[in-house]
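This report describes one protein chain, working from its overall layout to single residues. The sequence and the structure come before the text.

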Amino acid sequence: MPQMQQGKAVHIIVNSTFERELIKVLKEAGATGYTQLDARGFGYSGVQDGHSEGESNVLFIVLVTDEKAQVIEKKLVSYINRGYPIVSYITDANVLTNNRYNKPTL
């Protein structure tokens, strides 16, 4: 039966060239899934409209436990410290699920 569980929503905006590496990070952190969307907009790196190679950004949304969110955050900080252009924010989330939320990883 579906039930509401407390957790975190981790939103991560990265250049599409970092996609594969980010998916590895999520797997290592124990995420059971993610949603990926094209992300266009304007920010510190200028217009991101996806019209030329290297300009495409993607948004990942990951619903995880508090502990897994901390693991993801720590790993992202290590990439940011090495110069990777990553924007991430974490919010509280009430996740309606049928217990897939805590199942084995990706």
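A residue is called buried here when its relative accessible area is under 20%, exposed when that area is over 50%, and partly exposed in between. By that rule, 35% of the 106 residues of the protein chain count as buried. The model is predicted, and local features are described only where pLDDT is at least 70.

**Layout**

The protein chain has 2 helices and 6 strands. Along the sequence they follow the pattern β-α-β-β-β-β-α-β. Among contacts in the protein chain with a separation of 6 or more, 79% are between residues 24 or more positions apart.

**Nonpolar core**

In soluble globular proteins, nonpolar side chains tend to be buried together. In this model the largest nonpolar core has 19 residues. I12, V14, L22, L26, F60 and I72 have the most contacts inside that core. At least two core residues come from each of β1, α1, β5 and α2. Helix α1 supplies the largest share, 5 residues.

Leaving aside neighbours within four places in sequence, I12 is in contact with L22, L26, V58, L59, F60, I72, L76, I86, V87 and S88. F60, another of the residues with the most contacts inside the core, has a relative accessibility of 0% and so counts as buried.

**Aromatic pairs**

How many aromatic pairs does a search of the whole structure find? The search finds 4. Two of them are set out below.

| Pair | Distance between ring centres | Angle between planes | Geometry |
|---|---|---|---|
| F18 and Y79 | 5.0 Å | 75° | edge-to-face |
| Y34 and F60 | 5.1 Å | 45° | tilted |

The planes of F18 and Y79 are at 75°, so this pair is edge-to-face. F18 lies in the loop between β1 (3-15) and α1 (19-29), while Y79 lies in helix α2, so the pair ties together parts that are 61 residues apart in sequence. Both residues of the pair, F18 and Y79, are buried.

The second pair also links distant parts of the chain: Y34 is in the loop between α1 and β2 (35-39), and F60 is in strand β5 (residues 57-64), 26 residues apart. Y34 has a relative accessible area of 31% and is therefore partly exposed, whereas F60 is buried.

Ring pairs also join F18, Y79 and Y84 into a cluster. Y79 has a charged neighbour as well: R82 lies over the face of the Y79 ring, at 4.4 Å from the ring centre.

**Charged residues**

Side chains of opposite charge can pair when their charged atoms come close. A search of the whole structure finds 1 salt bridge. The salt bridge is formed by D92 and K8, with the closest N and O atoms 2.3 Å apart. D92 lies in strand β6 (residues 87-97) and K8 in strand β1, so the pair ties together parts that are 84 residues apart in sequence. D92 has a relative accessible area of 62% and is therefore exposed.

What is the nearest side chain of opposite charge to K68, and how far away is it? It is E67, at 7.9 Å. A salt bridge needs a side-chain nitrogen of Lys or Arg within 4 Å of a carboxyl oxygen of Asp or Glu. K68 has no salt bridge, yet K68 is buried. K68 is found in helix α2 (residues 66-81). Not counting residues up to four places away in sequence, K68 touches A29, G30 and A31.

D38 is located in strand β2. With a relative accessible area of 69%, D38 is exposed. Beyond its neighbours within four places in sequence, D38 is in contact with N57 and V58. The C-alpha atoms of D38 and N15 are separated by 9.9 Å, with the two residues 23 residues apart along the chain.

L96 is in strand β6. With a relative accessible area of 60%, L96 is exposed. L96 touches P2, Q3 and M4, not counting residues up to four places away in sequence. L96 and Q3 are 93 residues apart along the chain, and their C-alpha atoms are separated by 5.5 Å.

Methods. Residues are numbered from 1 along each chain as its sequence is written. This is a predicted model: local features need pLDDT of at least 70, side-chain atom pairs count only at pLDDT 80 or more; totals for chains, interfaces and linings use all residues. Side-chain values use heavy atoms; hydrogens and water are left out. Helices (H or I, at least four residues) and strands (E, at least two) are DSSP runs, numbered from the N terminus. Buried means under 20% relative accessible area, exposed over 50%, partly exposed in between (1.4 Å probe, protein chains only). Lys and Arg count as positive and Asp and Glu as negative; His and the chain ends are not counted. Contact means heavy atoms within 4.5 Å. Rings of Phe, Tyr and Trp (its six-membered ring) pair if their centres lie within 6.5 Å; planes under 30 degrees apart count as stacked, over 60 as edge-to-face and the rest as tilted. A charge sits over a ring if NZ of Lys or CZ of Arg is within 6 Å of the ring centre and within 35 degrees of the ring normal. A nonpolar core is a set of buried Ala, Val, Leu, Ile, Met, Phe, Trp, Tyr and Cys residues joined through side-chain atoms within 4.5 Å.
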